[in-house]
Amino acid sequence: MTSQIAPPAPTGTPSTGYRLRWAGLAVILAAEVMDLLDTTIVGVAAPAVRQDLGGSDAQIQWITASYTLAFAVLLITGGRLGDLFGRKRLFVLGATGFTLASVLCAAAPGAGTLVAARTVQGLFAALLIPQGLGLIKAMFPPKELGAAFGLFGPILGLSSVLGPTLGGYLTGADWFGLGWRAVFLINLPVGLLTVFAAGRILPADRSTRASTATATGAAADARTGRIDPVGVLVLGLAVLLLVYPLVQGRELGWPLWTFLSMAASVPTAWLFTVQQRGVLRRGGTPLIEPSLFGKRAFVSALATGLVFFAALSGLMLVFTLHLQLGLGWTPLHAGLSMIPLSIGVVVGAVLSGALLAPRYGRRVLHLGMVLAAAGALGLWATVDGATGLGSWQLAPALALAGLGLGLIMAPFFDIALAGVEESETGSASGVLNAQQQLGGSMGVALLGTAFFGWARTDGFGHAAGLTYGLVAALLAAAFVIAFLLPRQARPDGEEH
């Protein structure tokens, strides 16, 4: 799930705005919905994929993690490519590649091929999604930006409700014998329509070679327009060194190299910061502004968000796996059972964004973490050792967890940016969006590994309960770290 973070509108935006701006916004929202559906829809279909294609537990985790991991690694660079080569051009390229990769996913003959196709899908999503911010800023006058960005919350919230349900329905309905493959083919008509509409509706690209900072914070040398490939490679290596052994380690018996790999991710991340400072000294624009990591509030926000989104993604994956692998529910039954969680997220986000966050700031985050952790513990109490579970027995704890998650998601990004200078907002926005995807990958790796490990020895019900307890522990850690965040978002109330 990608949360758009809007930097301040640039000065000089025409007061009337682009003539087809609202139709253009609909095109951008369609791309966002396509991305979000692809993130939430696949988890419900994962057990059916393994039944059809075979593959190990780790490969099932990689079906989800490979997409978000590729997305996270290239997301920061994807925005800068739009600056260099044109946002409309990159939007159309990203949507076209995403759609074609979806067809490759649907046609995958084996689990390994599907993971590879999902990686390609994530790479094209990283080209597609970052262009939305810049396009909206170019199309809308300042007075309408708030209304434009305000539509993201309800649309994406409804998509989060629709994703698991639609995934369950398409998998269970088995249209034309497609089974789980239909969850990827659903992107074909949406993607083709998005590509066609983008070509006709979005404003033409203007030369942007001289631009320096981007809405997503990716880097290039402002004088030559060069992307920083070394920074991209070092950052990607740091992420892979951490996530790959987390996913593969349990299945391989945790050989020594897995621990060495995870340990090596720390100095590699440090090497990335050194390399970024070197780019800055040479007069280039770094992939990430090094000054951000000297700000305690922002670093704390990164740590808080990483833990929170890991808990969120891991919870959703383990819940659907438990219902299907452990309880034998159909994909549709499992998808429908997630509706209380999704409705809770929407209600919490609306309450937080409209009423609570502007007044209570950081305290809303803490309240949300308490409620989400209580919901996770409620799930543990409900499933551990229980027999004959039904959807209604799970609904109260799910709704409570969803309410807490929604309270967190609405104000988090504004509070995270409160201690960032205006000149750093673009870079900070890109880092926060990438952190969201990376947290999701780590959550799938860590909690998925824990779940499958416990299930081997203690059964699915007990394994699910222990994993929900681990989710609560992660949320408790995020609760503590969040005390380092600013108390309020920016006092001027500007969108960021």
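Rings of Phe, Tyr and Trp (the latter represented by its six-membered ring) are taken to pair if their centres lie within 6.5 Å, with planes under 30 degrees apart counted as stacked, over 60 as edge-to-face and the rest as tilted. On this basis, Tyr67, Phe71 and Phe98 form one aromatic cluster. The model is predicted, and local features accordingly need pLDDT of at least 70, side-chain atom pairs count only at pLDDT 80 or more, and totals for chains, interfaces and linings use all residues. Residues are numbered from 1 along each chain as its sequence is written, and side-chain values use heavy atoms, with hydrogens and water left out.

The chain holds 18 helices and 0 strands, where helices (H or I, at least four residues) and strands (E, at least two) are DSSP runs numbered from the N terminus. Of its 496 residues, 59% are buried, buried meaning under 20% relative accessible area, exposed over 50% and partly exposed in between (1.4 Å probe, protein chains only). The chain exposes about 18,900 Å², of which carbon and sulfur atoms supply 68%; accessible areas come from the Shrake-Rupley method with a 1.4 Å probe, and for residues only the protein chains shown count as cover. Among contacts (heavy atoms within 4.5 Å) between residues at least 6 apart in sequence, 84% join residues at least 24 apart.

Phe98, a member of the aromatic cluster, is also among the buried residues of helix α3, which include Phe91, Gly94, Gly97 and Cys105. Helix α3 (residues 87–106) comprises 20 residues and reaches 28 Å from its first C-alpha to its last, close to the 28 Å expected at 1.5 Å a residue, the expected span being 1.5 Å times one less than the number of residues. The cover over the buried residues of α3 includes α1 (21–53), α2 (57–85), α4 (111–128), α5 (131–139), α8 and α9 (187–201).

In total, the structure holds 10 aromatic pairs. One of these, formed by Phe309 and Phe412, is edge-to-face, with 6.3 Å centre to centre and 80° between the planes. This pair links distant parts of the chain, since Phe309 lies in helix α12 (residues 296–326) and Phe412 in helix α16 (residues 391–416), 103 residues apart. Phe309 counts as buried because its relative accessibility is 3%, and Phe412 likewise counts as buried at 3%.

On the surface, Ile343, Val347, Leu351 and Leu355 form a nonpolar patch with about 340 Å² of accessible area together. Such patches are made of residues with over 30% relative accessible area and no salt bridge, like charges being joined within 9 Å and nonpolar side chains (Val, Leu, Ile, Met, Phe, Trp, Tyr) within 5 Å; a salt bridge is a side-chain nitrogen of Lys or Arg within 4 Å of a carboxyl oxygen of Asp or Glu. Leu351 lies in helix α14 (residues 339–360) and is partly exposed, with a relative accessible area of 36%. Val346 also has its place in helix α14 and counts as partly exposed at 24% relative accessibility. The C-alpha atoms of Val346 and Gly402, 56 residues apart along the chain, are separated by 8.0 Å.

Helix α15 (residues 362–383) has 22 residues and spans 32 Å between its first and last C-alpha, close to the 32 Å expected at 1.5 Å a residue. It is followed by Gly385, whose phi is positive, near 80°. A positive phi of about 55° is also found at Phe176, although this residue is not a glycine. Phe176 lies in the loop between α7 (152–173) and α8 (182–185) and is exposed, with a relative accessible area of 80%.
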